[in-house]
Amino acid sequence: MSTLAGSGTGGHRDGTGTAARFKDPSGVAVDSGGNIYVADSTNHRIRKITSAGVVSTLAGSGTGFFANGIGTSAQFNYPRGMAVDSGGNIYVADSHNHRIRKITAAGDVDTLAGSGAEGFANGIGTSAQFHRPHGVAVDSVGNVYVADSSNHRIRKITVAGVVSTLAGSTRGFANGAGTWAGFNDLSGVAVDSDGNVYVADYGNNRIRKIEYRVP
(Lines give C-alpha, C1' and ligand atoms only; values in the text may rest on other atoms or scores of the structure.)
Protein backbone atom coordinates (compact mmCIF):
# COMPACT_ATOMS: atom_id res chain seq x y z
CA MET A 1 0.00 0.00 0.00
CA SER A 2 1.30 3.40 -0.96
CA THR A 3 -0.08 6.89 -1.59
CA LEU A 4 -0.30 7.76 -5.26
CA ALA A 5 -1.54 11.32 -4.81
CA GLY A 6 -2.97 13.62 -2.17
CA SER A 7 -1.56 15.24 0.94
CA GLY A 8 -4.30 14.00 3.26
CA THR A 9 -5.49 17.55 3.87
CA GLY A 10 -8.80 18.41 2.22
CA GLY A 11 -8.60 21.09 -0.43
CA HIS A 12 -7.85 21.66 -4.09
CA ARG A 13 -4.34 21.78 -5.45
CA ASP A 14 -2.77 20.40 -8.59
CA GLY A 15 0.74 19.02 -8.30
CA THR A 16 2.78 15.85 -8.19
CA GLY A 17 2.00 13.04 -5.75
CA THR A 18 1.45 14.14 -2.18
CA ALA A 19 1.75 17.81 -3.13
CA ALA A 20 -1.73 17.59 -4.66
CA ARG A 21 -4.96 17.94 -2.67
CA PHE A 22 -8.43 16.47 -3.05
CA LYS A 23 -11.71 16.93 -1.16
CA ASP A 24 -13.88 13.85 -0.63
CA PRO A 25 -12.87 11.93 -3.79
CA SER A 26 -15.63 9.50 -4.67
CA GLY A 27 -15.00 7.64 -7.95
CA VAL A 28 -11.96 6.51 -9.94
CA ALA A 29 -11.39 5.06 -13.40
CA VAL A 30 -8.32 4.09 -15.42
CA ASP A 31 -7.76 4.41 -19.16
CA SER A 32 -5.73 2.13 -21.43
CA GLY A 33 -2.67 4.38 -21.06
CA GLY A 34 -2.60 4.09 -17.29
CA ASN A 35 -3.97 7.55 -16.54
CA ILE A 36 -6.29 7.69 -13.53
CA TYR A 37 -9.38 9.88 -13.39
CA VAL A 38 -10.91 10.96 -10.09
CA ALA A 39 -14.37 12.29 -9.28
CA ASP A 40 -13.21 14.90 -6.77
CA SER A 41 -16.69 15.21 -5.36
CA THR A 42 -16.73 18.14 -2.95
CA ASN A 43 -14.37 20.07 -5.22
CA HIS A 44 -16.90 19.56 -8.05
CA ARG A 45 -14.07 18.67 -10.40
CA ILE A 46 -12.72 15.79 -12.45
CA ARG A 47 -9.01 15.31 -11.82
CA LYS A 48 -6.42 13.41 -13.85
CA ILE A 49 -3.37 11.60 -12.46
CA THR A 50 -0.71 10.50 -14.94
CA SER A 51 1.31 7.34 -14.48
CA ALA A 52 4.08 9.62 -13.13
CA GLY A 53 1.75 10.91 -10.41
CA VAL A 54 1.16 14.37 -11.88
CA VAL A 55 -2.29 15.65 -10.84
CA SER A 56 -4.19 18.16 -12.95
CA THR A 57 -7.78 19.35 -13.28
CA LEU A 58 -9.36 17.87 -16.39
CA ALA A 59 -12.78 19.47 -16.06
CA GLY A 60 -14.89 21.47 -13.65
CA SER A 61 -14.72 25.02 -12.34
CA GLY A 62 -14.99 24.04 -8.69
CA THR A 63 -18.43 25.62 -8.33
CA GLY A 64 -21.29 23.19 -7.67
CA PHE A 65 -23.60 24.13 -10.50
CA PHE A 66 -24.24 22.88 -14.04
CA ALA A 67 -22.62 23.90 -17.31
CA ASN A 68 -21.32 22.09 -20.35
CA GLY A 69 -18.10 23.35 -21.86
CA ILE A 70 -14.42 22.65 -22.27
CA GLY A 71 -12.21 21.89 -19.29
CA THR A 72 -12.63 24.24 -16.34
CA SER A 73 -15.46 26.14 -18.02
CA ALA A 74 -17.70 23.12 -17.32
CA GLN A 75 -19.47 22.69 -13.99
CA PHE A 76 -20.39 19.62 -11.95
CA ASN A 77 -22.33 19.19 -8.72
CA TYR A 78 -20.93 16.41 -6.50
CA PRO A 79 -19.70 14.01 -9.20
CA ARG A 80 -19.61 10.40 -7.98
CA GLY A 81 -18.88 7.33 -10.13
CA MET A 82 -16.73 7.28 -13.26
CA ALA A 83 -15.94 5.01 -16.20
CA VAL A 84 -13.71 5.21 -19.28
CA ASP A 85 -14.42 3.58 -22.64
CA SER A 86 -11.96 2.17 -25.17
CA GLY A 87 -11.85 5.50 -27.01
CA GLY A 88 -10.78 7.42 -23.92
CA ASN A 89 -14.17 9.04 -23.33
CA ILE A 90 -15.03 9.51 -19.65
CA TYR A 91 -18.51 9.06 -18.19
CA VAL A 92 -19.46 10.74 -14.92
CA ALA A 93 -22.43 10.28 -12.61
CA ASP A 94 -23.08 13.96 -11.88
CA SER A 95 -25.09 13.15 -8.80
CA HIS A 96 -26.67 16.40 -7.66
CA ASN A 97 -27.25 17.53 -11.25
CA HIS A 98 -29.13 14.25 -11.87
CA ARG A 99 -27.29 13.79 -15.13
CA ILE A 100 -24.77 11.49 -16.80
CA ARG A 101 -22.00 13.57 -18.32
CA LYS A 102 -19.50 12.65 -21.02
CA ILE A 103 -15.99 14.08 -21.29
CA THR A 104 -14.02 13.53 -24.47
CA ALA A 105 -10.30 12.87 -24.38
CA ALA A 106 -9.85 16.55 -25.33
CA GLY A 107 -11.77 17.67 -22.22
CA ASP A 108 -15.05 18.65 -23.92
CA VAL A 109 -17.89 18.11 -21.43
CA ASP A 110 -21.45 17.39 -22.61
CA THR A 111 -24.60 15.82 -21.21
CA LEU A 112 -25.11 12.22 -22.30
CA ALA A 113 -28.46 11.78 -20.56
CA GLY A 114 -30.69 13.38 -17.95
CA SER A 115 -32.85 16.50 -17.90
CA GLY A 116 -31.37 17.87 -14.69
CA ALA A 117 -34.66 17.53 -12.82
CA GLU A 118 -34.65 14.78 -10.22
CA GLY A 119 -37.15 12.10 -11.11
CA PHE A 120 -37.60 8.94 -13.10
CA ALA A 121 -38.22 8.74 -16.83
CA ASN A 122 -36.87 6.60 -19.64
CA GLY A 123 -36.26 8.31 -22.96
CA ILE A 124 -33.55 9.65 -25.23
CA GLY A 125 -30.76 11.86 -23.95
CA THR A 126 -31.97 14.85 -21.96
CA SER A 127 -35.59 13.67 -22.03
CA ALA A 128 -34.66 10.96 -19.51
CA GLN A 129 -34.56 11.57 -15.75
CA PHE A 130 -32.34 10.24 -12.94
CA HIS A 131 -32.30 10.79 -9.19
CA ARG A 132 -28.89 11.04 -7.56
CA PRO A 133 -26.98 8.64 -9.84
CA HIS A 134 -23.93 7.26 -8.06
CA GLY A 135 -22.14 4.67 -10.18
CA VAL A 136 -21.42 4.23 -13.89
CA ALA A 137 -19.84 1.49 -15.99
CA VAL A 138 -19.32 1.02 -19.72
CA ASP A 139 -19.27 -2.24 -21.65
CA SER A 140 -17.16 -3.30 -24.62
CA VAL A 141 -19.62 -1.90 -27.19
CA GLY A 142 -20.16 1.44 -25.48
CA ASN A 143 -23.37 0.93 -23.51
CA VAL A 144 -23.34 2.81 -20.21
CA TYR A 145 -24.86 1.36 -17.04
CA VAL A 146 -25.97 3.63 -14.21
CA ALA A 147 -26.61 2.91 -10.54
CA ASP A 148 -29.56 5.30 -10.26
CA SER A 149 -29.36 5.41 -6.49
CA SER A 150 -32.48 7.17 -5.26
CA ASN A 151 -34.59 5.57 -8.00
CA HIS A 152 -33.41 2.12 -6.81
CA ARG A 153 -32.84 1.05 -10.40
CA ILE A 154 -30.10 0.07 -12.82
CA ARG A 155 -30.43 2.09 -16.00
CA LYS A 156 -28.87 1.43 -19.39
CA ILE A 157 -27.85 4.07 -21.94
CA THR A 158 -27.13 2.87 -25.46
CA VAL A 159 -24.57 4.49 -27.76
CA ALA A 160 -27.52 6.32 -29.38
CA GLY A 161 -28.44 7.82 -25.99
CA VAL A 162 -31.56 5.71 -25.41
CA VAL A 163 -32.16 5.32 -21.66
CA SER A 164 -34.05 2.28 -20.37
CA THR A 165 -34.46 0.42 -17.08
CA LEU A 166 -32.40 -2.74 -16.94
CA ALA A 167 -33.52 -3.84 -13.47
CA GLY A 168 -35.30 -2.59 -10.37
CA SER A 169 -38.51 -0.77 -9.54
CA THR A 170 -39.28 0.53 -6.05
CA ARG A 171 -37.15 0.40 -2.91
CA GLY A 172 -36.92 -3.06 -1.37
CA PHE A 173 -35.22 -6.38 -1.84
CA ALA A 174 -36.18 -9.02 -4.36
CA ASN A 175 -34.36 -11.20 -6.84
CA GLY A 176 -36.00 -11.67 -10.20
CA ALA A 177 -35.93 -10.59 -13.82
CA GLY A 178 -35.83 -6.94 -14.81
CA THR A 179 -38.27 -4.73 -12.96
CA TRP A 180 -39.31 -7.63 -10.70
CA ALA A 181 -36.02 -7.16 -8.86
CA GLY A 182 -35.76 -4.82 -5.90
CA PHE A 183 -32.79 -2.66 -4.80
CA ASN A 184 -32.20 -0.14 -2.02
CA ASP A 185 -30.03 2.97 -2.54
CA LEU A 186 -27.55 1.70 -5.10
CA SER A 187 -23.92 2.72 -4.98
CA GLY A 188 -21.51 1.18 -7.50
CA VAL A 189 -21.89 -0.75 -10.74
CA ALA A 190 -19.49 -2.73 -12.95
CA VAL A 191 -19.78 -4.85 -16.08
CA ASP A 192 -17.63 -7.81 -17.14
CA SER A 193 -16.48 -8.94 -20.58
CA ASP A 194 -19.52 -11.24 -20.92
CA GLY A 195 -21.99 -8.43 -20.26
CA ASN A 196 -22.91 -9.42 -16.71
CA VAL A 197 -23.58 -6.42 -14.48
CA TYR A 198 -22.55 -6.27 -10.80
CA VAL A 199 -24.17 -3.90 -8.34
CA ALA A 200 -23.26 -2.61 -4.89
CA ASP A 201 -26.74 -2.67 -3.31
CA TYR A 202 -25.85 -0.28 -0.51
CA GLY A 203 -29.06 -0.25 1.49
CA ASN A 204 -29.52 -4.01 1.26
CA ASN A 205 -25.91 -4.78 2.28
CA ARG A 206 -25.53 -7.09 -0.71
CA ILE A 207 -23.61 -7.44 -3.97
CA ARG A 208 -26.04 -8.28 -6.75
CA LYS A 209 -25.45 -9.82 -10.18
CA ILE A 210 -27.55 -9.17 -13.26
CA GLU A 211 -26.87 -11.95 -15.75
CA TYR A 212 -26.57 -11.13 -19.39
CA ARG A 213 -29.10 -12.91 -21.55
CA VAL A 214 -29.15 -12.87 -25.33
CA PRO A 215 -32.01 -10.58 -26.43
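Q: Leaving aside neighbours within four places in sequence, which residues is Val84 in contact with?

A: Contact means heavy atoms within 4.5 Å. By that criterion, and leaving aside its neighbours within four places in sequence, Val84 is in contact with Ala29, Val30, Asp31, Tyr37, Asn89, Ile90 and Val138. This is a predicted model, in which local features need pLDDT of at least 70 and side-chain atom pairs count only at pLDDT 80 or more, while totals for chains, interfaces and linings use all residues. Residues are numbered from 1 along each chain as its sequence is written, and side-chain values use heavy atoms, with hydrogens and water left out.

Q: Where is Val84 placed, and is Val84 buried or exposed?

A: Val84 belongs to strand 7 (residues 79-84); helices (H or I, at least four residues) and strands (E, at least two) are DSSP runs, numbered from the N terminus. Buried means under 20% relative accessible area, exposed over 50%, and partly exposed in between (1.4 Å probe, protein chains only). With a relative accessible area of 16%, Val84 is buried.

Q: How is the pairing of an open sheet to be read, and in what order do the five strands stand?

A: Strands of a sheet pair through backbone hydrogen bonds, either parallel or antiparallel. Two strands pair if DSSP finds at least two bridges between them. Here five strands form an open sheet in the order 11-15-14-13-12, with antiparallel pairing. Strand 11 (123-124) and strand 12 (133-138) are the edge strands, each pairing on one side only.

Q: How many bridges join strand 12 to strand 13, and why is strand 12 described as largely enclosed?

A: Strand 12 and strand 13 are joined by five bridges and run antiparallel, with Gly135 opposite Ala147 in strand 13. In their hairpin, which has five residues between the strands, Gly142 takes a positive phi near 100 degrees. Five of the six residues of strand 12 are buried, so strand 12 is largely enclosed by the rest of the structure.

Q: What volume does the largest pocket have, and which residues lie nearest its centre?

A: Rolling a probe the size of a water molecule over the atoms shows where empty space is left. On a 1 Å grid over the protein atoms alone, a pocket is an open set of points where a 1.4 Å probe fits, with protein on both sides within 12 Å along at least five of seven lines; lining residues have an atom within 4 Å of a point. Grid points are joined across faces, edges and corners, and a volume is the space filled by probe spheres set on the points. The largest pocket has a volume of about 610 Å³. Its lining has 28 residues, of which Leu166, Ile210, Glu211, Tyr212 and Arg213 lie nearest the centre.
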